[in-house]
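User: Can you walk me through how some of the labels here are decided? I'd like to see the cut-offs at work.

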Amino acid sequence: MAKPGPKGMTEQQKWLRGYTRGPRPESNASGSAAQGQEKPPRMPRRPAYFGKHAGKLWRELGADLLANGLLTQSDLAAFELLCSAYEQCRLANEALAEHGPLIPGTRGTLVRNPAGIQLRESSALFLKLADRFALTPAMAQKLGLDLDT
């Protein structure tokens, strides 16, 4: 007979929502926790729908942010949006480079390339989210972070 109530969450869902406690510290023979042997946090797998640009940003920048304590479990959704906006910017740039800022319209006249609008919107979102992770020099300076590392 099935249990009443909602279906339980998977471990990944619990981790993404911050419901897990994490592993308990191991103790040595004297009973105190092992010091200096704590594993650094690992970046979760990139979402499956990411393209090559977003995947590279997720892997490389995510690892740096995680190591510096600027990315937590609760920030993963915003970081996913940041990577997605970056992917859209890159694709819009490629479309503009290939087709130019003006393209033939339905009546044969030249109209603005919709990729330009996509570039503007995704760039605005990217810059807004970049501030959240102190990726812009102004925000890093405001937070007192060292920009040379």
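User: Why is Cys-83 called buried?

Analyst: Its relative accessible area is 0%. Buried means under 20%, exposed over 50% and partly exposed in between, with a 1.4 Å probe and protein chains only, so Cys-83 counts as buried. Keep in mind that this is a predicted model, where local features need pLDDT of at least 70, side-chain atom pairs count only at pLDDT 80 or more, and totals for chains, interfaces and linings use all residues. Side-chain values use heavy atoms, leaving out hydrogens and water, and residues are numbered from 1 along each chain as its sequence is written.

User: And what makes Cys-89 buried?

Analyst: Cys-89 has a relative accessible area of 10%, so it falls under the cut-off for buried too.

User: What makes Phe-79 and Phe-133 an edge-to-face pair?

Analyst: Their rings sit 5.6 Å centre to centre with 80° between the planes. Rings of Phe, Tyr and Trp (its six-membered ring) pair if their centres lie within 6.5 Å; planes under 30 degrees apart are stacked, over 60 edge-to-face, and the rest tilted. Phe-79 and Phe-133 are both buried.

User: Why is the pair of Tyr-86 and Phe-126 called tilted?

Analyst: The centres are 5.9 Å apart, which makes a pair, and the planes are at 40°, so they are neither stacked nor edge-to-face.

User: Is Tyr-86 buried or partly exposed?

Analyst: Partly exposed: its relative accessible area is 22%.
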